[in-house]
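Colleague: I am new to this structure and would like to go through it with you. Could we take it one question at a time?

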Amino acid sequence: MGTFAGNTLITELARRLRDTTNVAYPRATVLNIINRVQDAMNVRLGLVYGQTTFNTGNQALYSTSAIASDYAYPVQMFDANQRELDMISFDRLTQQDEEWVRRFGNRPEVYAPIGRELLAVTPIPVVAMTLTMRYVKHPTALADAGAPLWDLPDEHKPLLLDLSEALLSLRSRDYIAIQEAVNRAAPKLGLEDAAQVLRKGTVGDRLKVKT
Amino acid sequence: MSNAAITTIITQLSTTATDGTVTNSFQDDVIFELSRGVYPDVLAQVGSAFIAVTAGTARYSLPTASGARTPLALFYDTKQLLLLRKDEAWAYDEAWRNAPHNQVVGYTFDPEDRPNFALVPPPRRDGATIGGNTPTVVTAWPDANITAVYANTDLTFPGTTYDDLKLPIALEVMAREFGRDSDHEDKMMTEVCHNLAEFFFLMFTPVGRPT
């Protein structure tokens with residue numbers, strides 16, 4: 001867990017945006033964008049995990065929200081004897097076993113996420129067992145207060161502030177600030193190509209800004 | 001229908017008054033497009049259902065009333081079915097293809113209306129009573145029915161497991177809203193919002209996995 005709280009991050013971002021009194025960028029708006037950005041960052045980078053257990057049933061398909069409401073995607077799964085299952089893509093699962101939806105065995109061997117709402121675990125264990133899943137979670141929402149502290153590691157604060165600054169600069173239509181903030185963030189996310197596309201979209205803007 | 005959290009992001013980042021009726025409609029459009037695979041590698045809403053089989057009947061419908069859009073996998077009883085093009089299905093002997101059999105080999109969309117599909121060949125027997133069973137909660141497997149796994153659309157976008165998609169959806173809606181003819185038309189804003197939406201849609205895919 002990191003050491004930054006929502007109120008600290010809002011204040012720091014407000015200073016970046018030259019709005020320390022939060023007139024142009026209300027604190028509630030800044031907070032909502034920070035929460036959205038930390039969520040997207042964690043999904044992309046897989047920084048914070050959750051762990052939960054669930055019992056197998058008489059089926060191969062499971063609803064992910066019933067297992068963990070903050071689930072984003074699985075990372076590891078273990079059976080009751082702490083043997084790790086293999087994660088495969090849904091496409092591979094359907095190619096490997098045409099009867100996976102009703103295949104039974106002594107223990108489950110593989111699991112495959114299907115979108116964000118379903119999880120296939122097969123074969124179905126003949127005797128029900130408890131599985132342990134580690135998963136990338138949606139981080140705890142921050143508040144405009146000293147608690148809770150954010151879930152992400154502190155060294156990712158610059159990335160959070162860059163992306164939040166880019167989005168909040170839409171309010172002022174400051175397209176060059178958006179471009180510069182995205183340029184700083186993109187390499188940390190492995191998205192340099194996408195940043196190039198963004199740059200192409202803002203070329204003409206230099207004619208009317210910063211004269 | 002619209003999702004309040006997405007609407008809040010749009011309001012917070014737009015600053016100028018947008019047309020709520022139009023942005024709600026754009027919101028629906030983007031959510032529909034997600035289930036059609038318009039955004040590569042972005043699949044969040046999925047569902048599954050049993051479809052009751054009637055002896056000798058080839059044609060069935062996806063449960064569109066509950067949001068089913070595009071099938072990801074269809075099973076007859078326990079066996080996954082092949083997706084057949086019309087010419088592949090027609091390559092089977094006509095008498096065999098149209099006569100009810102115990103084992104179904106595939107399904108085809110080509111000669112059917114969009115939400116419908118046809119089993120090849122038609123099943124010989126009625127499926128067992130499905131009752132309260134669903135593919136994710138099976139008390140007793142209902143033999144000889146169809147199990148469908150599909151991309152789903154719920155326009156209220158209620159799930160917590162795909163919360164990170166609300167930001168790029170809001171950005172794409174803003175791109176469309178500022179791109180149409182109106183008193184707040186802003187082509188530069190459209191371009192930047194669209195590119196930011198693409199950027200955040202790419203963040204749906206964890207780094208290290210192919211984008």
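Modeller: Two strands pair if DSSP finds at least two bridges between them. Keep in mind that this is a predicted model.

Colleague: Over how many bridges do strand E3 and E4 of chain B pair?

Modeller: Strand E3 of chain B covers residues 68-76, and its pairing with E4(B) runs in the antiparallel sense. Pairing requires at least two bridges. The number for E3 and E4 of chain B is 2 bridges.

Colleague: Which residue of E4(B) does Phe75(B) stand opposite?

Modeller: E3(B) and E4(B) pair in the antiparallel sense. In E4(B), the residue opposite Phe75(B) is Gln80(B).

Colleague: Which are the edge strands of the open sheet in chain B?

Modeller: That sheet has 4 strands in the order E1-E8-E3-E4, with antiparallel pairing. An edge strand here pairs on one side only. The edge strands of chain B are strand E1 (46-51) and strand E4 (79-80).

Colleague: Why is one side of E1 and of E3 in chain A left without a neighbour in the sheet?

Modeller: The open sheet of chain A has 3 strands in the order E1-E9-E3, and the pairing is antiparallel. Strand E1 (49-55) and E3 of chain A stand at the edges, so one side of each has no neighbour in the sheet. The reason is that each has a single partner strand.

Colleague: What does the twist of that sheet in chain A average from one strand to the next?

Modeller: The sheet has the order E1-E9-E3 in chain A. From one strand to the next, the twist averages 35°.

Colleague: Which residue in E9(A) is the bridge partner of Met77(A)?

Modeller: Strand E9 of chain A spans residues 130-137 and pairs with E3(A) in the antiparallel sense over 6 bridges. In E9(A), the partner of Met77(A) is Met133(A).

Colleague: Turning to helices, are H2(A) and H5(A) parallel or oblique to each other?

Modeller: The axes of H2(A) and helix H5 (residues 157-168) of chain A come within 9 Å and cross at roughly 125°. Angles of 65 to 115 degrees count as roughly perpendicular and those over 145 as roughly antiparallel. The two helices of chain A are therefore oblique.

Colleague: How many charged residues are in the contact of H2(A) with H5(A)?

Modeller: H2(A) supplies Val30(A), Ile33(A), Ile34(A), Val37(A), Gln38(A) and Met41(A), while residues of H5(A) in the contact include Leu159(A), Leu160(A) and Ser164(A). By class, the contact of H2(A) with H5(A) has 10 nonpolar and 2 polar residues. As for charged residues, there are none.

Colleague: How many charged residues are in the contact of H2(B) with H5(B)?

Modeller: The axes of helix H2 (residues 20-35) and helix H5 (residues 166-179) of chain B come within 9 Å and cross at roughly 125°. Among the residues in contact are Glu172(B), Arg176(B) and Glu177(B) of H5(B). Beside 6 nonpolar and 2 polar residues, the charged residues number 3.

Colleague: Is the crossing of H2(B) and H5(B) left-handed or right-handed?

Modeller: In chain A, H2(A) passes H5(A) in a right-handed crossing. The crossing of H2(B) and H5(B) is right-handed.

Colleague: How far apart are the C-alpha centres of domain 1 and domain 2 of chain A?

Modeller: Domain 1 of chain A takes in 6-46 + 140-204, and domain 2 takes in 49-137. Their C-alpha centres are apart by 34 Å.

Colleague: How many residues of domain 2 of chain B are in contact with domain 1 of chain B?

Modeller: Chain B is divided into domain 1 (4-43 + 156-202) and domain 2 (48-152). Their centres, taken over C-alpha atoms, are separated by 35 Å. From domain 1 of chain B, 4 residues make contact, and from domain 2 of chain B the number is 4.

Colleague: Which element gives the largest share of the side of chain A that touches chain B?

Modeller: In all, 49 residues of chain A are in contact with 48 residues of chain B. Elements that each supply at least two residues of this side of chain A include helix H2 (27-45), strand E3 (71-78) and helix H6 (175-189). The largest share, 8 residues, comes from H2(A).

Colleague: Which residue does a cis peptide bond join to Thr122(A)?

Modeller: Most peptide bonds are trans. Here omega is about -5°.

Note on methods: Residues are numbered from 1 along each chain as its sequence is written. Chains are lettered from A and ligands numbered from 1 in the order in which they are written. This is a predicted model: local features need pLDDT of at least 70, side-chain atom pairs count only at pLDDT 80 or more; totals for chains, interfaces and linings use all residues. Domain bounds come from an automatic or database domain assignment. Two residues are in contact if their C-beta atoms, placed from the backbone, lie within 7 Å. Axes are lines fitted to C-alpha atoms, for helices over the stretch in contact, and angles run from 0 to 180 degrees between N-to-C directions. Angles under 35 degrees count as roughly parallel, over 145 as roughly antiparallel, 65 to 115 as roughly perpendicular and the rest as oblique. A crossing is left-handed if the near helix is turned anticlockwise from the far one by less than a right angle, and right-handed if clockwise. Ala, Val, Leu, Ile, Met, Phe, Trp, Tyr, Cys and Pro count as nonpolar, Asp, Glu, Lys and Arg as charged, and the others, Gly among them, as polar.
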